[in-house]
Amino acid sequence: MRIILALCSMLMLSCIITAQTNTEKEAVERACMNYIEGFYEGDTKKLEASLQPQLYKFGFMKNKDTNEYQQVAEMSYDAAMVYANDVKEKQRFPKPDAPKEVMVLDIGNHIAAARVTAWWGIDYLLLSKTDDGWMIEQVLWEGPLEKSHLEN
């Protein structure tokens with residue numbers, strides 16, 4: 001009887017841990033999708049829900065003249081909001097088939113890492129868990145920028 005109770009307890013604990021892990025993964029995925037959709041849709045509310053005010057984002061893009069990668073200017077939280085507003089104001093939305101992929105790489109108790117693929121390239125995101133949920137702290141990205149994914 002004790003063995004059965006022990007096995008049942010282990011099974012229940014395993015189910016609880018799996019449920020918590022799935023919930024955390026979904027929360028990280030939602031933060032990452034808010035990030036992509038915020039830029040795609042020019043939706044500052046989605047960006048506010050996913051970006052830490054101390055955001056640090058920078059990346060590398062191919063120079064059109066030399067075809068070599070170069071580091072481009074970093075983007076702050078405020079610059080992300082300006083960019084999103086510009087997307088909405090100028091109606092520079094990506095085509096419906098533009099990539100929107102999220103791959104959660106790792107989740108800890110208070111930190112997580114994810115990879116997203118968007119029309120501008122690949123981003124690696126570092127997130128932290130706050131009272132408000134999972135928030136993006138840092139972004140490192142690489143182009144190239146493919147104009148074919150923009151509608152305008």
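**Exercise 1. Is Tyr56 buried, partly exposed or exposed, and what is its relative accessible area?**

Solution. The structure is a predicted model, and every value here is computed from it.
Step 1. Take the relative accessible area of Tyr56, which is 33%.
Step 2. Compare it with the cut-offs: buried means under 20%, exposed means over 50%, and partly exposed lies in between.
Step 3. Tyr56 is therefore partly exposed.

**Exercise 2. Describe the make-up of the protein chain.**

Solution. 
Step 1. Count the elements: the protein chain has three helices and six strands.
Step 2. From the N terminus on, the elements run α-α-β-β-α-β-β-β-β.
Step 3. Look at burial. The protein chain has 152 residues, and 35% of them count as buried.
Step 4. The accessible surface of the protein chain is about 9600 Å². Carbon and sulfur atoms hold 56% of that area.
Step 5. Check the contacts. Take those in the protein chain with a separation of 6 or more: 56% of them join residues 24 or more positions apart.

**Exercise 3. Find the largest nonpolar core and say which elements build it.**

Solution. 
Step 1. Size: the largest nonpolar core has 29 residues.
Step 2. Centre of contacts: Tyr35, Leu51, Leu125, Leu127 and Ile136 have the most contacts inside this core.
Step 3. Elements: two or more core residues come from each of helix 1 (2-41), strand 1 (51-62), helix 3 (77-90), strand 4 (111-118), strand 5 (121-130) and strand 6 (133-142).
Step 4. Main contributor: helix 1 gives the most to this core, with eight residues.
Step 5. Zoom in on Ile136. Leave out residues up to four places away in sequence. Ile136 then touches several residues, including Tyr35, Leu51, Leu125 and Leu127. Among its other contacts are Ala31, Ser50 and Gln52.

**Exercise 4. Classify two aromatic pairs.**

Solution. A pair of aromatic rings is described by the distance of the centres and the angle of the planes.
Step 1. Count: the structure has eight aromatic pairs.
Step 2. Take Tyr35 and Phe39. Their ring centres are 5.3 Å apart, and their planes stand at 85 degrees. Planes over 60 degrees apart count as edge-to-face, so this pair of Tyr35 and Phe39 is edge-to-face.
Step 3. Tyr35 and Phe39 are four residues apart in helix 1, so about one helical turn separates them. Both Tyr35 and Phe39 are buried.
Step 4. Take Tyr56 and Phe58. Their centres are 5.3 Å apart, with 55 degrees between the planes, and the pair is tilted.
Step 5. Tyr56 is partly exposed at 33%. Phe58 has a relative accessible area of 19%, so Phe58 is buried.
Step 6. Widen the view. Ring pairs link Tyr35, Phe39, Tyr40, Tyr83, Trp119 and Trp120 into a cluster.

**Exercise 5. Which residues make the nonpolar surface patch of about 370 Å²?**

Solution. 
Step 1. Name the members: Met103, Leu105, Tyr124 and Leu140 make this patch.
Step 2. Met103 lies in strand 3 (residues 101-107).
Step 3. Met103 has a relative accessible area of 42%, so Met103 is partly exposed.

Methods: Residues numbered from 1 in each chain as written. Predicted model: local features only at pLDDT ≥ 70, side-chain atom pairs only at ≥ 80, totals over all residues. Heavy atoms only, no water. Patch = residues over 30% accessible without salt bridge, like charges linked within 9 Å, V, L, I, M, F, W, Y side chains within 5 Å. Areas by Shrake-Rupley, 256 points an atom, 1.4 Å probe, with all protein chains shown as cover. Salt bridge = Lys/Arg side-chain N within 4 Å of Asp/Glu carboxyl O. Buried < 20%, exposed > 50% of the residue type's maximum accessible area, 1.4 Å probe, protein only. Core = buried A, V, L, I, M, F, W, Y, C linked by side-chain atoms within 4.5 Å. Contact = heavy atoms within 4.5 Å. Phe/Tyr/Trp six-rings, centres within 6.5 Å; stacked < 30°, edge-to-face > 60°.
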